[in-house]
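Please walk me through this structure in my viewer. Tell me what to select at each stop and what is there.

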Amino acid sequence: MRLTTKGRFAVTAMIDLALRETHGPVTLAGISQRQKISLSYLEQLFGKLRRFNIVESTRGPGGGYTLSRKSEEISVADIIVAVDEPLDATQCGGKGNCHSDEDNHGRCMTHDLWSNLNAKMVEYLSSVSLRDLVQQQSGRGIVLQDLRPKKMKTESAKADKPATAVAAAKEAAPKRPLVNSVFNLAQQS
């Protein structure tokens, strides 16, 4: 079985995303920092996850990624397949041409063993949902730190500023004539 860092990082990043998405879109920079995964690597993985309709992206300020389906509808197998991770323990890629020499064409003696292992791996990973993994992390007491609510409070404080104070400040400022203005030229004539 070859489960490389691509599959491991994709599953780890998806758990991080699912844990934090209740606060809004999650940035890849945040996942990168928390999970110690390269940002450029995450961008590649999330591009593939987006093409498989596992995540959705939101652009602009406050943007990031959210799940495109409920976490219980996303299996670990879905994530691994989306990032092109092969789940194959055979040497032949499941084709059955393990022996390429002329004397012994066909499957090797252990081909069925490894094929059955592949089937069991896919079956198991299909049975584990992203929600299951999130619940495991929540059960371990994972502390979620998210700075977005603090930013939102400062923005709302700016919005609470009375409009009359802003209008009064504009009235108090003296109006200067515009030097290169067409209106200014008309007034001088």
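Start with arginine 131, which is partly exposed, with a relative accessible area of 38%. The model is a predicted one. Arginine 131 belongs to helix α6 (residues 130-139) and glutamate 72 to the loop between β2 and α4 (76-82), so the pair ties together parts that are 59 residues apart in sequence. Glutamate 72 is partly exposed, with a relative accessible area of 38%.

## The network around aspartate 16

The structure holds 3 salt bridges. For the next stop, select Asp16, Arg20 and Arg34, which are linked in a network of salt bridges. Begin with aspartate 16, which is buried at a relative accessible area of 2%. Its side chain meets that of arginine 20 in a salt bridge of 3.3 Å, N to O. Arginine 20 and aspartate 16 are 4 residues apart in helix α1, which means about one helical turn separates them. An α-helix has 3.6 residues a turn, so residues three or four places apart point the same way.

Aspartate 16 also forms a salt bridge with the side chain of arginine 34, at 2.8 Å, N to O. Here aspartate 16 lies in helix α1 and arginine 34 in helix α2, so this pair ties together parts that are 18 residues apart in sequence. Are arginine 20 and aspartate 16 buried or exposed? Both are buried, whereas arginine 34 is partly exposed, with a relative accessible area of 31%.

## Helix α2

Select residues 28-35, which make up helix α2. Leu28, Gly30, Ile31 and Ser32 are buried there. The buried residues of α2 pack against α1, α3 and β2. After α2 comes lysine 36, with a positive phi near 60 degrees.

## An aromatic pair

The structure holds 2 aromatic pairs. For one of them, select phenylalanine 9 and tyrosine 41: the ring centres are 5.8 Å apart and the planes are at 85 degrees, so the pair is edge-to-face. Phenylalanine 9 is in helix α1 (residues 5-20) and tyrosine 41 in helix α3 (residues 39-51).

## The hairpin

Select strands β1 (residues 55-58) and β2 (residues 64-67), which run antiparallel and are joined by 4 bridges. Glutamate 56 stands opposite threonine 66 in β2. The two strands form a hairpin with 5 residues between them, and glycine 60 in the turn has a positive phi of about 90 degrees.

## Last stop: a surface patch

Select Leu113, Trp114 and Leu117, a nonpolar patch on the surface with about 260 Å² of accessible area together. Leucine 117 sits in helix α5 (residues 111-127).

Key. Residues are numbered from 1 along each chain as its sequence is written. This is a predicted model: local features need pLDDT of at least 70, side-chain atom pairs count only at pLDDT 80 or more; totals for chains, interfaces and linings use all residues. Side-chain values use heavy atoms; hydrogens and water are left out. Patches are made of residues with over 30% relative accessible area and no salt bridge: like charges are joined within 9 Å, nonpolar side chains (Val, Leu, Ile, Met, Phe, Trp, Tyr) within 5 Å. Accessible areas come from the Shrake-Rupley method with a 1.4 Å probe; for residues, only the protein chains shown count as cover. A salt bridge is a side-chain nitrogen of Lys or Arg within 4 Å of a carboxyl oxygen of Asp or Glu. Two strands pair if DSSP finds at least two bridges between them. Rings of Phe, Tyr and Trp (its six-membered ring) pair if their centres lie within 6.5 Å; planes under 30 degrees apart count as stacked, over 60 as edge-to-face and the rest as tilted. Buried means under 20% relative accessible area, exposed over 50%, partly exposed in between (1.4 Å probe, protein chains only). Contact means heavy atoms within 4.5 Å.
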